Amino acid sequence: MTAPAATATAGATTAALFTQVMRRGPLSRSALMKTTGLSSATVTRAVRHLLDAGYLREHTDGPTQPSLGRPANPLSVAASRAHFLGIKITVDEVVGVVTDLCAEVCASRRGLLRDASPEAAVDAISDLVAELLRDIGDRASSVRRLCLAVSGDIDHASGTVRYSPWLDWHDLPLAATVEARVGIPTVIENDVQALTIGQQWFGFGAGVESFVLATIGTGVACGIVIDGHVVQGALGVAGELGHLPIEAGGPVCHCGNQGCVEAICSEGAIAASAAAVSGRPGITHAEALALARDGAHPAAARVFARAGRAIGLALAAVANLVGPERIVLSGEGLAAYDMYEKHMRDAFQSQAFGAVAACELVVRPLPFEEWARGAAALAIRELATTGAFT
């Protein structure tokens, strides 16, 4: 085996052990041997490297029981060893957090976008990063990387926004542009994928091998985890729930097709439909919701019922395909949940096949700070899985 290959193997082993402690710790060396199948010598070397580098700490305050000649003291992540920035970019603001190695939020801030141009976004991101670094003081020197969460078709490998419909960005090398401005290694990811990774590692998905996270709001999308792996697909665009065709002859979607889920139940689509049936052009989603709730506008209520049915059918289609243990619904669109819940659940039950009908369907409001935390979690995952423990 060549020296570079040996180094790569050692790095992968260290990364695997660190990931186990991060997601399931505290763990003893014996427990790590059982969960990873690695030898005693391999575990000992990797653990020693992580302890020396300050990424793990050993708990010695309780009674120590020997285990096959190895220390049985539990190991846990030294959370303050490194920090990470996560920023969620919306059409009108940037939302950022700083987290430690265990994705605990140390600071959070929001900043407005003066417009949706890439230049305005980079300016706002740069300002937000500077403010967050000031907020954490001396810990700023331990920030390892920044992850940007952006809606749309994202090429994580190249750091490029291939297409973001709500921001109207095309082939934008956002990661490199931001990194040059802020001086911190920067990566980007689709916002729903980032949120899914954050929840898989540090949230409601921890300990669940297969689940779906669906978000309803400005757009409609989902993250899919099967057997512990986030599904991204060969082109990185898996999970485009909003572009499932759900209604033949339905409204035209911004993608050019008819009857997409997003063309029926996104906030903009609901507002447009409610405006048409109520004779009140230009009303907002919030105004449409108020019309539907006051009981005097049954046509507006039917708009939400139609949206609920579309969501339920879409979730059933995903559940039938991947058979998740749990589906979690989130996003700004939950503000109208009371108006479409029954229609959504009825549609889901009507289309779910066999045992899929028993899939747990839960609602979890997650503010944009949680999306930013998901971006930071992705940066943590990259450190953990690449073994860059220096």
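Predicted model: local features only at pLDDT ≥ 70, side-chain atom pairs only at ≥ 80, totals over all residues.

User: At what angle do the axes of α9 and α10 cross?

Analyst: Helix α9 (residues 285-293) and helix α10 (residues 298-322) have axes that come within 7 Å and cross at roughly 115°. Helices here are DSSP runs of H or I with at least four residues, strands are runs of E with at least two, and both are numbered from the N terminus. The axes are lines fitted to C-alpha atoms, for helices over the stretch in contact, and angles run from 0 to 180 degrees between N-to-C directions.

User: What does that make α9 and α10 relative to each other?

Analyst: They are therefore roughly perpendicular to each other; that label covers 65 to 115 degrees, while under 35 is roughly parallel, over 145 is roughly antiparallel and the rest is oblique. α9 passes α10 in a left-handed crossing, which is the case when the near helix is turned anticlockwise from the far one by less than a right angle, clockwise being right-handed.

User: Which residues of α9 and α10 make the contact?

Analyst: On the α9 side they are His-285, Ala-288, Leu-289, Leu-291 and Ala-292, and on the α10 side Ala-300, Ala-301 and Phe-304, where contact means heavy atoms within 4.5 Å. By class, these residues of α9 and α10 are 7 nonpolar, 1 polar and no charged. Nonpolar covers Ala, Val, Leu, Ile, Met, Phe, Trp, Tyr, Cys and Pro, charged covers Asp, Glu, Lys and Arg, and the others, Gly among them, are polar.

User: And how do α8 and α9 pack?

Analyst: Helix α8 (residues 267-278) packs with α9 at an angle of about 55°, their axes being 8 Å apart, and that makes α8 oblique to α9. This crossing of α8 and α9 is left-handed. Glu-267, Ile-270, Ala-271, Ala-274 and Ser-278 in α8 meet His-285, Ala-288 and Leu-291 in α9, a contact with 5 nonpolar, 2 polar and 1 charged residues.

User: Changing topic, what is the phi of Ala-103?

Analyst: Ala-103 has a positive phi of about 65° although it is not a glycine. Most residues other than glycine have a negative phi. Ala-103 sits in the loop between β4 (93-100) and β5 (105-112).

User: Is Ala-103 buried or exposed?

Analyst: Ala-103 is buried, because its relative accessible area is 1%; buried means under 20%, exposed means over 50%, and partly exposed is in between, using a 1.4 Å probe and protein chains only.

User: What about Asp-168, buried or exposed?

Analyst: Asp-168 counts as exposed, at 54% relative accessibility. Asp-168 also has a positive phi, of about 60°, although it is not a glycine, and is found in the loop between β8 (160-164) and β9 (169-172).

User: Which side chain does Arg-29 make a polar contact with?

Analyst: The partner is the side chain of Glu-58, at 2.8 Å. A polar contact is a pair of N or O atoms within 3.5 Å; within protein, one must be able to donate a hydrogen and the other to accept it, and residues adjacent in sequence count only if both atoms are side-chain atoms. Arg-29 lies in helix α2 (residues 29-36) and counts as buried, at 6% relative accessibility.

Key:
Residues numbered from 1 in each chain as written. Heavy atoms only, no water.
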